Amino acid sequence: MTARTNRQWILTARPQGDAFEDCLAWREQPVPEPGPDQVLVRTIYLSMDPSNRIWMQQASYIPAVPLGEPMWGVILGEVVESRNPRFRPGDLVTGMGAWADYCLSDGKGLGPVPRIPGLPLQAFTGVLGPTGLTAYFGLYDIGRPQPGETVVVTAAAGAVGSMVGQFAKLRGCRAVGICGSDEKARWLVEELGFDAALNYRGGPAELRRGLKAACPSGIDVYFENVGGWISEVAYGFLNLRARIPLCGLISQYNAAEPQPGPRNMDILLVRRCRMEGFIVLDYMDRAGEMLREVGPWLADGRLKWKVDVDHGLETAPRSLRKLFSGGNTGKLVVQVGEEPAA
Ligand SMILES: NC(=O)c1ccc[n+]([C@@H]2O[C@H](COP(=O)([O-])OP(=O)(O)OC[C@H]3O[C@@H](n4cnc5c(N)ncnc54)[C@H](OP(=O)(O)O)[C@@H]3O)[C@@H](O)[C@H]2O)c1
């Protein structure tokens, strides 16, 4: 092995509140050698996900990242050495990796990334990656929207939200997005074809007025990405037997203490609403199902997608912060290494 350097972000403490960047330290080590059945993967793209923040703090649907170890993240990378018969050097793969230039994997949970002429590799970090699966199955399987119904989605200009609204339109629904700036709202309506988009920064009363105008027939599917006071306002518009796919609660992830839920949960009772949490990992084996329907939408441009790229592994903690300040539009990734020639 040549003396290549592996730059990494190490988790040094459990964040208690907002300042998660203080819990990450830069370390440089020699690139490791793969052991039996292992592969060495060079990171090209590192996915920035709100769940990174959860994994830093506590066990959830996966264990917490161990202290003193490289931070975990979903990566798209290239196999550079392999002692695993399933992989060869040069293979492009995606799965759980590390905030590092290189990581070792036993291959479990590592899937192939195909090269499709005309389709940028970045598509596999978002629309054809976990983001797309989350939006597709969260909306269609759990939200079960019917043509003519109204779908409202929060964090609408983000990775998942921007897909949810478009998937709603593609099933003949009215799509309304809630997001954090007028510029994002314009993007959703003018570029992605949402019927309406509302900036929540004006506070509860303004959002209530906006939803009243944007959802004249009430809300049939409320795709939950955020939680907190925005949900409380939206619940007021839920129709009888409305569905709430509970995808995420990003407004809570940096809270030092558990936050009280919306105060008007009685609406869910009286209007017989159904809320169901889900985790994208449960849908990994149904990716083919999604690809069959979404592939043609991508090919003919009916489904649009945007990847927001930060450059350099050193930017990763600052980049993650953008998810909590609203600094991203579409799927946020850090480009760590160069794409190989096609
Ligand atoms: N269940 C699953 O398996 C699964 C999988 C992937 C993602 N998720 C969840 O889906 C949600 C979206 O994730 P993503 O990866 O697509 O991220 P994203 O939407 O691309 O980025 C997060 C966005 O959330 C908004 N936001 C942040 N703090 C907020 C707050 N306090 N109030 C309102 N909006 C806030 C920001 O946009 P604004 O400018 O609009 O504020 C930000 O751009 C997250 O809750 C995440 O945990 C769940």
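1. A nitrogen atom of the ligand lies 3.0 Å from a backbone N or O atom of Cys247, where a polar contact is taken as a pair of N or O atoms within 3.5 Å. An oxygen atom of the ligand is 2.8 Å from a polar backbone atom of Val160, and an oxygen atom of the ligand is 2.5 Å from an N or O atom in the side chain of Asn328. Taken alone, the ligand exposes 910 Å², of which the protein buries 90%; these accessible areas come from the Shrake-Rupley method with a 1.4 Å probe.

2. The model is predicted, so that local features need pLDDT of at least 70 and side-chain atom pairs count only at pLDDT 80 or more, whereas totals for chains, interfaces and linings use all residues. Residues are numbered from 1 along each chain as its sequence is written, and side-chain values use heavy atoms, with hydrogens and water left out.

3. The ligand is surrounded by 28 residues, a residue being counted as near if one of its heavy atoms lies within 4 Å; the closest are Lys184, Tyr200, Asn225, Val280 and Asn328. The shell divides into 17 nonpolar, nine polar and two charged residues, with Ala, Val, Leu, Ile, Met, Phe, Trp, Tyr, Cys and Pro counted as nonpolar, Asp, Glu, Lys and Arg as charged, and the others, Gly among them, as polar.

4. At least three residues of the shell come from each of domain 1 (5–126 + 306–335) and domain 2 (130–282 + 292–296), the bounds being those of an automatic or database domain assignment. Helices α3 (159–170) and α9 (316–325) each supply at least two residues of the shell, helices being DSSP runs (H or I) of at least four residues and strands (E) of at least two, numbered from the N terminus.

5. There are twelve aromatic pairs, counted where ring centres of Phe, Tyr or Trp (its six-membered ring) lie within 6.5 Å, with planes under 30 degrees apart called stacked, over 60 edge-to-face and the rest tilted. Tyr222 and Tyr235 form an edge-to-face pair, 6.3 Å centre to centre with 85° between the planes. Because Tyr222 lies in strand β11 (residues 219–223) and Tyr235 in helix α6 (residues 229–235), this pair ties together parts that are 13 residues apart in sequence.

6. Phe223 and Phe278 have ring centres 6.3 Å apart and planes at 70°, so this pair is edge-to-face. Phe223 is in strand β11 and Phe278 in the loop between β13 (274–277) and α8 (287–299), 55 residues apart.

How values were computed:
Polar contact = N/O pair within 3.5 Å; in protein donor to acceptor, adjacent residues only side chain to side chain.
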